[in-house]
Amino acid sequence: MNTEKTNITVTSPLLPPLEEFLPYLQDIWDRKWITNNGNYHKELEKKLCEYLGVEYISLFTNGTLPLITALQALGIREGEVITTPYSFVATTHSIWWNGLKPVFVDVDPATGNIDPERIEEAVTPATKAIMPVHVYGNPCDTERIREIADRHGLKVVYDAAHAFGVEVQGESILNAGDISTLSFHATKTYNTVEGGALVCHSAEMKQHIDYLKNFGFAGETSVMAPGINSKMDEIRSAYGLLNLQYVDAAIAHRKNISDTYREVLNDVEGISMFEPRPDVKYNYSYFPIFIDAGKYGMTRDELYFKMKESGVLGRRYFYPLISDFEPYKELPSADPANLPVAKRMADSVICLPMHHDLSAADVERVLEIVSRKR
Ligand SMILES: *Cc1c(COP(=O)(O)O)cnc(C)c1O
């Protein structure tokens with residue numbers, strides 16, 4: 001008998017049953033319409049609007065292109081964009097790809113999100129927009145950010161890659177800001193293999209964005225802007241429609257895991273977690289814990305490698321900070337002295353395994369190691 005334990009991965013793609021996907025493929029083959037705003041593309045946009053509680057959505061081939069396109073659509077061609085260093089690199093890359101200058105602002109330790117108190121001091125005459133992230137699906141302080149943006153005439157683009165289905169007081173977080181973007185990458189709560197979307201708030205803006213994601217074509221012989229190609233195809237749209245039927249059950253399972261982790265780890269000295277808000281509907285996309293080495297008796301990295309040796313694959317998410325990566329580290333705002341909270345979080349965080357496929361035994365194995373029972 002093979003007694004070797006398999007690895008417990010940090011994430012696992014939500015895969016719909018293959019036999020249920022085959023009829024969709026048959027239909028696509030029969031109709032011979034495989035991309036360019038086909039039936040499944042249109043249907044998925046409609047179903048996602050209903051599911052997410054938003055009015056206008058445009059599907060994309062991944063979660064990075066809608067970020068890049070958002071800044072294009074808002075006409076931001078030069079200047080600075082205020083953003084968070086505590087995110088996935090794509091957030092800052094999207095600013096750079098528009099020829100704009102990212103300006104990093106420190107985060108709030110209660111959420112991991114950009115600290116509104118610090119945004120205003122980073123505003124200069126060159127500032128054009130704010131790009132916050134609802135990190136781990138924790139909602140940003142969207143009202144404060146809106147006030148600051150309005151006062152200075154700035155656009156707001158939320159990177160909502162982690163915030164699929166997140167609501168505050170019954171309202172989708174995706175309705176905040178000028179534009180919000182989603183990622184449907186395989187590692188995310190809801191996936192279309194690769195994929196993403198952009199949420200906006202008017203029919204005119206959606207039309208504009210739909211042109212931009214198709215080379216800027218506004219008709220057979222007219223191009224209205226230098227667009228890009230980032231259209232989602234029929235195969236992934238169909239897969240997304242099917243996967244949407246499974247996402248609620250997947251989120252419910254994640255909630256159970258989150259509750260169990262929280263209950264056990266609350267009693268472990270040297271581990272801290274985010275405090276959930278009662279008025280927020282979360283999607284439990286990640287389960288970050290923060291290690292205080294002095295109290296825990298082990299550094300974050302010691303725990304990380306110990307977990308790894310035991311086949312429990314956590315993730316130091318987000319470490320290093322984006323501002324510490326080669327392309328950005330020379331920017332004045334990337335100075336670690338400017339970002340003490342983000343730095344402390346990046347140096348102490350581990351995201352525990354969190355996905356719909358974890359069994360109770362897996363969760364127990366994770367907790368045994370993290371709570372130092374062995
Ligand atoms: C995953 C992710 C992205 C990029 O999405 P892709 O679909 O992988 O291109 C952008 N921002 C954040 C915060 C992410 O986690």
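The model is a predicted one, and the domain assignment of the protein chain places residues 4-10 and 247-370 in domain 1 and residues 18-244 in domain 2. The contact draws 34 residues from domain 1 and 41 residues from domain 2, and the centres of the two domains, taken over C-alpha atoms, are separated by 25 Å.

The area buried between domain 1 and domain 2 is about 3300 Å², and carbon and sulfur atoms give 61% of that area. On the side of domain 1, the residues that lose the most area to domain 2 are Val247, Phe318 and Ile322, which together make up 21% of what that side buries.

## Elements on the domain 1 side

Two or more residues each are given to the side of domain 1 that touches domain 2 by α9, β13 (280-281), β14 (287-291), α12 (340-348) and β15 (349-352); α12 gives the most, with five residues.

## Arg254 in helix α9

Helix α9, which spans residues 247-265, holds Arg254. Arg254 is buried yet has no salt bridge, and Asp357, the nearest side chain of opposite charge, is 10 Å away. The side chain of Arg254 does, however, reach the backbone oxygen of Tyr284 at 3.1 Å.

Apart from neighbours within four places in sequence, Arg254 is in contact with Lys188 and Thr189, with Asn283, Tyr284 and Ser285, and with Met354 and His355.

Definitions and conventions:
Residues are numbered from 1 along each chain as its sequence is written. This is a predicted model: local features need pLDDT of at least 70, side-chain atom pairs count only at pLDDT 80 or more; totals for chains, interfaces and linings use all residues. Side-chain values use heavy atoms; hydrogens and water are left out. Helices (H or I, at least four residues) and strands (E, at least two) are DSSP runs, numbered from the N terminus. Buried means under 20% relative accessible area, exposed over 50%, partly exposed in between (1.4 Å probe, protein chains only). Lys and Arg count as positive and Asp and Glu as negative; His and the chain ends are not counted. A salt bridge is a side-chain nitrogen of Lys or Arg within 4 Å of a carboxyl oxygen of Asp or Glu. A polar contact is a pair of N or O atoms within 3.5 Å; within protein, one must be able to donate a hydrogen and the other to accept it, and residues adjacent in sequence count only if both atoms are side-chain atoms. Contact means heavy atoms within 4.5 Å. Domain bounds come from an automatic or database domain assignment. Buried area is the accessible area (1.4 Å probe) that two parts lose on being put together, summed over both.
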